[in-house]
Amino acid sequence: MADHTATTTVEAVRSDVGEPLTAHLPDVFTDWFAERGWAPRTHQLELLAGSQAGRSSLLIAPTGAGKTLAGFLPALTDLAQRPKRKPGEAYRGIHTLYISPLKALAVDIKRNLEMPVDEMDLPIKIETRTGDTPSSRRQRQKLNPPDIMLTTPEQLALLIASDGAERFFDGLRYVIFDELHSLVTNKRGHLLSLGLARLRKLQPAVQTIGLSATVSEPLALQRWLVPQNRGDTRTDHAADLITVSGGAKPNITILDTSERLPWSGHSAKHAVGEILKMIEEHRTTLIFVNTRSQAEFLFQYLWHINDDNLPIALHHGSLEVGQRRKVEAAMSDNLLRAVIATSTLDLGIDWGDVDLVVHLGAPKGASRLAQRIGRSNHRMDEPSKAILVPANRFEVLECKAALDANYLGDQDTPPLRPGGLDVLCQHILGMAVAGPFQEDDLYAEVISAAPYAELDWDTFDRCIQYVATGGYALKAYERYAKIIRTSDGTWRLTHPRLAQQYRMNAGTIYELPAMNVRQVRQGRKNGQLPAGRGGRVLGKLDEYFLTKLVPGNTFMFSGQVCRFEGFRENEAIVTKTQHDKPMVPSYAGSKFPYSTMLASYVREMISDPKKWPGLPPQVSDWLHIQRRKSIIPEPDQVLVETFPRGEKFYLITYSFEGYLAHQTLAMLLTKRLERAGAKPTGYVATDYVVAIWGLEDMGAMIADGSLDLDDLYDEDMLGDDLEAWMNDSFMLKRTFRQCAMIALLIEKNAPQKSKTGRQMTQSSDLIYDVLREHEPDHILLQATREDAATGLLDVRRVGTLLARAQDHIVHKNLDKLSPMAVPIMLEAGRERVDGAASESLLVEAAENLIAEAMEI
C-alpha cells in the first residue's frame, strides 16, 4: 500500500482571516492531481488550509468549480494520514458526516467520491444512509460505522436521538453541508440546525463546511455554520467565507416559438415538437419542470411524437425508488437522450454528458434557474447551455426577468427565518429519546443554533410543557404526556414505546397521505380483483386523489396511462391501458413560490417600453395593445381594471406578488366587497393577477364614491378582517395540521397501522377547535399563525403589497376586458362543460374572449 503520510506544504493566502494559512497536502494527493494534468485550485487549498487550522468555512463557487472535492479534501487528507485500524482495535465512530438535501445527490456524491479514493488506494470506507437504505444496513452501520457517511437531515435527527449517539459520533471531525442554501431556509433546516447543535455538544471541536453556488446573503449562512451567542451579531461568530468568481457565462435563450403562444395554462403543449427537436440535436438533454403533473404531461406528449424511439426517461419524487435509481444509473452511463425531472435532480447532480438544459415553465426564482442550468456542461470553464420554454405570455416576462437577473449575477435565495416552534417541540422529544436531559443544558444547546439564537426562555419552557402535557387544554389526556420531570431534575420519557413512535414519525417534510400504486397484468374479472400481491409498485399517489376514482377511470402516472381497478390492502390496483384523455393526478405541495425579486423585475419590464423589443413579438404586441386600450402601470403602481362581461362585473388587480399572496388578497377583498354591497360571487388568482367578479357594477361604484379603492386596499384588512377570516379558514386548519404533525401531536405512523388522511384531518381539526376555544395562546396555535405569515397564506407578502398600493393605485374603468386581462379571464372561464362537444365549446369561448380583448 502507498505511503499516505508524506505531505507537501502549500501556501494559501487567506485575506478574509487576516493571516496566511498553510495547507498540508499529502503527496499521494499531489501525485494524483499531477497524473491527470491537474493542480489543486486556489479555493480548494484555501479551504484545506482553514480546516487544518481548525476553522469552519462557507465556500461559494459556480457550478463545475470543484466544490465537492474542496469540501471533502480536509476529510480525505486527514483520513489518509490516520493510522489504519488494527484487528480487535476499539470501536471507531464516523469521521465525516455529509448532509445532502436529496437522496439522489448523496448517491451521486458517493459515486464521484469513490473514484479518487479508489485511485489513490486510500483506506477510507464511504457509505450512504437515507430513507431508502435497508434497515439491516442501518443497524450494521451503528455497529461498524463507515469513515464517511452521506446522509440526509431526517437521518441525522434519528441518529442523534439514539441511545448510542455519543459513541457513534465519537471522533467526528467534519460535517459537510452540500447545497447549504437549500437546506437552511425552511423547517427542515431548523431541525438540521438543532441536530448540528447536538453534534457540537457531543463533539465540541467539530468543524463545519458549507458548500453553495447560489447565495444572496452569505453572512446568514456563515453564522448558521457556527455556534451563536444571544444578541451578538459580530462576524467573529461566523464561519470563514471563501468565494470563487469567474466561470464561463451561461448561454441562456428563451424559445421564440413558431406556434401561437398560449395565453394561460402550464402544459406548454404548443412547444412539444420544438422540444423533441432540441433533444434530437443534443447528446443528453435534461428537461426541468416545476410540478410532477407537468412531468407526466410532457412525457406523454413526447412519447406520442417520438417516432425514432429516442430513450427518454421520467424522474420525480412520487415514482418508486427502484425506478428512479434505474434512471439515474442510465444517466450516469449516458444511455438516455433526455430525462424529464422535477426538483429531484436540480441540486448538484452530475450525471452523464448533459449538454442542454430545457426549463419548461417560468423558474419562479433566479437562484433556482442558476442551479438548474448548472447541470449542463458541469464544468467551470465551459458555458452551460439552457433554453427556457415559457408556457404562457406572463411566463415569457418572468423568464426574461430571470434571464436578466442571471446575467447580472443577482440571487434571490429565500431569507433565513426564525426557527419553528413545532420543530423545537419535536427535537425536545427526540432528545428525551436519546436520554434524560436537564432543561437548562438543552436550552443553552438550542440557542446556540442560529435559527433559535433569539429564543427566549419562556417560549422554550412552553415548548417543554407542551411535550410534557400537550398544553393546558389537553393535559387531562394521558397520551399527550410524553416526558416527565423526575426527582433528580431531569426530563425523561414517560414510556419506552414513545421512542419507537418518535422514530416512525420524525421529520419535517409534510406530505398528504399517499398510497402505493401497484400495476397488475389482469384487471377485474366478474367484478373481482385478482387475488395475491403480484405486479410491481409504480410509486405513490396522494390518497385524496385516489379515493375519488371509480373502477375504469384512467390517469397518467409513471410515464404511462393507468386504468384504476380498485383498492386492495391499502394499495391502488391499476392495469396498463391506452386512453387519449386520461386524468392527471393531483400532487400536493408541488408549486414553487414566485420570488419577490423576479416580481419586481417583471413590474419594471412591463412599465418600460424600451425593454419590449427584447421580448418575442407576440408578447411585445400584446403589451402595445394593452397600453393603447388601458394602462401600463409604473413599477410602484397597482393597476386595477373594472369592466362588464356577460351578466357579471369584474375587478382585476395586477399586483405580481405570487399565487399564495394573491389567494389571501382575493379572499380578503371579497369580504370587503361584500360589505360594500358589490355582491361578489367568485374569484381566481395566479402568480400575477387577481380577478374578482360579482353582480354589481364595481366600476360604477368606484365612480360614484360608494366603493373607495384606497379603503378597499387599506392595510387595515390585515387586522380584524384577516383575523376573522383566518380563524374560520380551512387553510389555517391545514397549516395547523402540518404543525401538529411536525410537533408529533398527531402521528401518522404507528407500529400496527398508519392513519388515513381522513383520520389525520379529523383528529387535527377536532384538536384545533378545542384549542381555539379553550387555549387560544397554545404553543402550536402560535406556530400556526407564524407559519401563516410566510406559508400557505403568505400574509407578510400581502402586507408588502398593500403598503406598495398606498397612494399608488391607478384605476381604469373599461367597456370590455383589456389584453392583459385575457389570461386571468381564461382561468376564470375554465368551468366544466358537459357533453362530447365540451372541449370545442371551451376553445370557441376562449377565441371569442381573445378576439374581444385584442380587437381582432
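**Helix packing, cavities and a salt bridge**

Modeller: In this predicted model, helices α29 and α30 are oblique to each other, because their axes cross at roughly 45 degrees and angles of 65 to 115 would be needed to count as roughly perpendicular. Helix α29 covers residues 779–790 and helix α30 covers residues 795–805. Their axes come within 4 Å. On the α29 side, the residues in contact are Ala788, Ala789 and Thr790; on the α30 side they are Val795, Arg796 and Arg797. Sorted by class, this contact has three nonpolar residues, one polar residue and two charged residues.

Now the cavities. Rolling a probe the size of a water molecule over the atoms shows where empty space is left. The lining of the largest cavity includes His181, Val184 and Thr185, a run from Val215 to Glu217, Ala220 and Leu221, and Thr413 through Leu416. By class, that lining has seven nonpolar, four polar and one charged residues.

Last, the salt bridges. Side chains of opposite charge can pair when their charged atoms come close. The count is 32 salt bridges. One of them joins the side chains of Glu154 and Arg188, at 2.7 Å from N to O. Glu154 belongs to helix α6 (residues 153–160) and Arg188 to helix α9 (residues 187–202), so this pair ties together parts 34 residues apart in sequence.

Notes. Residues are numbered from 1 along each chain as its sequence is written. This is a predicted model: local features need pLDDT of at least 70, side-chain atom pairs count only at pLDDT 80 or more; totals for chains, interfaces and linings use all residues. Side-chain values use heavy atoms; hydrogens and water are left out. Axes are lines fitted to C-alpha atoms, for helices over the stretch in contact, and angles run from 0 to 180 degrees between N-to-C directions. Helices (H or I, at least four residues) and strands (E, at least two) are DSSP runs, numbered from the N terminus. Angles under 35 degrees count as roughly parallel, over 145 as roughly antiparallel, 65 to 115 as roughly perpendicular and the rest as oblique. Contact means heavy atoms within 4.5 Å. Ala, Val, Leu, Ile, Met, Phe, Trp, Tyr, Cys and Pro count as nonpolar, Asp, Glu, Lys and Arg as charged, and the others, Gly among them, as polar. On a 1 Å grid over the protein atoms alone, a cavity is a set of points where a 1.4 Å probe fits but cannot get out, and a pocket is an open set with protein on both sides within 12 Å along at least five of seven lines; lining residues have an atom within 4 Å of a point. A salt bridge is a side-chain nitrogen of Lys or Arg within 4 Å of a carboxyl oxygen of Asp or Glu.
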